[in-house]
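Visitor: I'm new to this one, could you walk me through a few details? Let's start with the backbone.

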Amino acid sequence: MSDPNWQPRIVAFFCNWCTYTAADLAGVSRLKYAPNVRVIRLMCSGRVDPQFILDALAKGADGVLIGGCHLGDCHYVEGNYKTVRRFQMLQRLLRDMGIEDQRVRLEWISASEGERVKTVINDMVEQVRALGPLNLPQQRKDWDREMAHPAEPAGEGQLAGQRAEPEAAHA
Amino acid sequence: MPDKPKIGFYWCASCGGCEEAVVDFAEDILGVVEAVDIVFWPVAMDFKKKQVEALPDKSIVATLLNGAIRTSEQEEMARMLRRKSQYLIAYGACAQLGGIPSLANQFPREQLLRYVYEEAPTVVNEAKTRPQTSSRNNGHTMTLPEFRNVVRTLDQVVEVDFYIPGCPPTPKITKAAIVALLEGKLPPKGSVLAPDVALCEQCPRKASKPADLSFTQFKRPHQVVIDPNLCMLAQGVVCIGPATRGGCEAACPAGNMPCTGCFGPTSRVQDQGAKILSSLCANIAAKEEKEIPGILAGIPDPVGAFYRYGLGKSMLRRKAGLPSETVKETP
Amino acid sequence: MNPEATKVWNQASSGAVAAAQAERRRVTIDPITRLEGHGKIDIFLDDQGDVECAYLQVPELRGFEVFSIGRPAEEMPQITSRICGVCPTAHHMAATKALDDLYQVEPPPAARKIRELVYNTFMLEDHALHVYILGGPDFIVGPQAPPEQRNVVGVVQKVGVEVGKKVISMRRRLRELIAYFGGKVIHPVLGLPGGVSKGLKPEDLPPFKALAKDGLDFALFTLQVFKDIVLKNPDYVKLITSDAYTHRTYYMGLVDERNRSNFYDGLVRVVDATGKEYAKFPARQYRDFVAEHVEPWSYVKFCYLKPLGWHGFEEGPQSSVYAVAPLARLNVTDGMATPQAQKAYEEFFNTLGGKPVHHTLANHWARVVEMIYAAERIVELINDPEITSTNLRVIPSAKPSVGIGVVEAPRGTLYHHFETDAEGLITKANLIVATQNNAARIAMSVEKAAKGLIKKGNVSEGLLNMVEMAFRAYDPCFGCATHALPGHLPLSVSIYNRQRKLLRQLLQPA
């Protein structure tokens, strides 16, 4: 039942000082690379909260790419160390939850490495293409078919501790 | 004389601990019984389902429903009680977050059935008999409810007004919630009825919590004698307290064991497991990439450690790629 | 009509006739009440209105054995305790002992004593819960009493508010002891391989000593209540000894090195229906003796004695069905290890005509005898000078692979079996939970009670409650018995005639 027009959708979190600058450089150098990546700029890769990664996957991303400075070069000294430590555990967690290693990737790309931005993105897009769509939102819809009445949208988005949307009251 | 407000307790996929928690009001139960009309409480009293169905909609002030949702009957009861109640309150970790039973979301239903009825070491079942939702025996038809592929939280099935967290909730926060209900002093809809601080705030070991965490190793509880006076994290023992809502006043540390996260997150966190992963792992002492795996090996089971009670509520909810076929009735 | 069509027509026709003839009057008790967990009873009446057969169905399944895969073994005491919130301590302790076996480590004596102290406290308060709140109301208030009174409120009305408060207060204090060691009473945390997490400070000892003394008084008081209300009532005695509630099966329970009942530790002993020892084995060998049988109409599996093979829901010389829990434990033991309990044990068997006793309802009385033993054990342990020792842990060093632990839960023998990899992560788990051991006999008890009590189509609410009493005497914990997915099926009673027309609906209290 796969969509022949499907294209991998990858969310990228790039640190401002290194990887994002490198991406800029790639752009200025007119390097061509796969368009499947949506870039979100953060000040540091250490700002990447694992919740961002899980949220991206839960909302339909087929992969997540994190780009930061090489170890020892972090603008904030310690930030990227935290990134790599978290990342290694997160990958183990994702493996246990059925999400392949190639879907979440961490790369050190310095400001001058525009060419590397291109090769990493191209490489990741092809790897994810080979894996196929993850499409967690669709998987959820498939799971929910087993219920006599599928969950109301208000129920789905309502997280513990969050205020409920002021939707019309359930019958 | 106005009628006493109607209250109900009901259980779905539950171990019964939340019911016991209400029994643990002990002498105080008499005060509650005075103030309210308990229209149903399956473990201890009798109720008739038809009687509840016959009540006008919204005539029950509050139903405290515990347990996760895994069968069609539970879904129906949840919907019925939603109709009949002004406030539907998810009581306990299973109703709020999925609870320990939602760890089953890591496995396909077929694996459960196959192991339990065929592969377990003590099972003798050459015919590979399985329980059926409908079966005939000696000319009689027997039915069993269908259970779903996915373990769900209450709010993944119906709209929920409030949450009382814990595995189980303590008598103290339960009483406070009931009092707030009866006095009409409730916070905004969707709130969790427990203090909105991390457990560390309430923990008597707080004074020795390191300002700068730096783990050289994670110790599993059976590998070390835990000092009863020091913060768990300071001893290298994994404690979920920093990512867990207070309210229990650090019951498990009082038993000299670390917190495992049963009260769920505070309101400022969406995915409790991701947050504790982030906090603990970011603060290991490794300076070289190659040192990292050795230290992280001290947490051998990330799902069980970080999502012990909350897999059903986590952002991923269930292992990706698992099947979700509907059970066919046997002819 | 051509021959093919004729053949098909005849097949369909005979099928339809068979189905119509198979229509029987059917009575369903749904839900069963005042127990832990969920159950449904279907009773099928024949053309004369007598009971043809009855089935006890347990509609829950949870999957603990499977979702424990990958979990660190040392977490199993806290994970398996979530099988049941009424008896979490039983699972916690069985798992802890399985961990001792897994890591080949013996806890220091003080740790063992603390475990036994906590465990007997739990047995005492849990038995009290059943006697006064779950099963007891059947007797204390009366089996034919109206449903609104057949619960703890009715009990309080019968025995008085002061007694009611005493029960509540006693249970609260006992549970506070458990919470002292375990952090919390529902899902305690004290169990570790080779020890316990927390010790007893000398300054905290006096109130617990007072509690121990009060606990024994309370247990003896409960026996007196039971004698006054139940044993002095000839109708109740007749009910207890009636054939409708009697089964001659094997019995299983834990005994110490002198063949005396012990809840925390020992060898598993099995006696046959004449009281002769059939087997005695350590936990590690349980697979040679215990097997599980599957039926399509229930999620709970039915245990039987493996060497004898499965012979169906039968009693008698061919049967391999066995029972556990208080009555079984008294049948299995040669005597009680404490004096007052021994006295009560002798009185029990003298009154009921010797060992073994096969009357299912005698479980209620046996339960009270056990309360006395648990209470005396608590007194012994709290007064043991080693109870305040700080030597509570042995750190394991052996490589783990297989660990099997057994305890006597309030409701019967409980087996936890774990297999792990070299890191101590679970690769396989097998749990034989107390009520599973009883499942076959419970099913038989329900059917026999139904057959004995329901005649000529006379089905009253009181009679149905008496059928429920047959299984409530086992104090069943179906949440435990299925330890699979939590599920709830509310119970109701529907009576249909042969045309499937609904004649009557009796809604049993849930």
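Guide: Gladly, and please keep in mind that this is a predicted model.

Visitor: Where is Lys58(B) in the chain?

Guide: Lys58(B) sits in the loop that runs between helix H3 (49-54) and strand E3 (60-66) of chain B, and its phi is positive, about 65 degrees, although the residue is not a glycine.

Visitor: And His187(C), buried or exposed?

Guide: His187(C) counts as buried, with 29 C-beta neighbours inside 10 Å. Its phi is also positive, near 70 degrees, in a residue other than glycine, and its place is the loop between helix H8 (161-182) and strand E4 (191-192) of chain C.

Visitor: Switching topic, which peptide bond to Pro168(B) is cis?

Guide: That is the bond from Cys167(B) to Pro168(B), with omega near -5 degrees, and Pro168(B) is found in the loop between strand E9 (162-164) and helix H7 (171-183) of chain B.

Visitor: What about domains in chain B?

Guide: The domain assignment gives domain 1 (6-100 + 149-183) and domain 2 (199-300) of chain B, and their C-alpha centres lie 31 Å apart. The contact takes eight residues from domain 1 of chain B and six residues from domain 2 of chain B.

Visitor: Which helix gives the most to the domain 1 side?

Guide: Helix H5 (residues 93-97) of chain B does, with three residues on the side of domain 1 that touches domain 2; by class, that side of domain 1 has five nonpolar, three polar and no charged residues.

Technical notes. Residues numbered from 1 in each chain as written. Chains lettered and ligands numbered in written order. Predicted model: local features only at pLDDT ≥ 70, side-chain atom pairs only at ≥ 80, totals over all residues. Domains from an automatic or database assignment. Contact = placed C-beta atoms within 7 Å. Helix = DSSP H or I, 4+ residues; strand = E, 2+ residues; numbered from the N terminus. Nonpolar A, V, L, I, M, F, W, Y, C, P; charged D, E, K, R; others polar. Buried ≥ 20, exposed ≤ 12 C-beta atoms within 10 Å, placed from the backbone.
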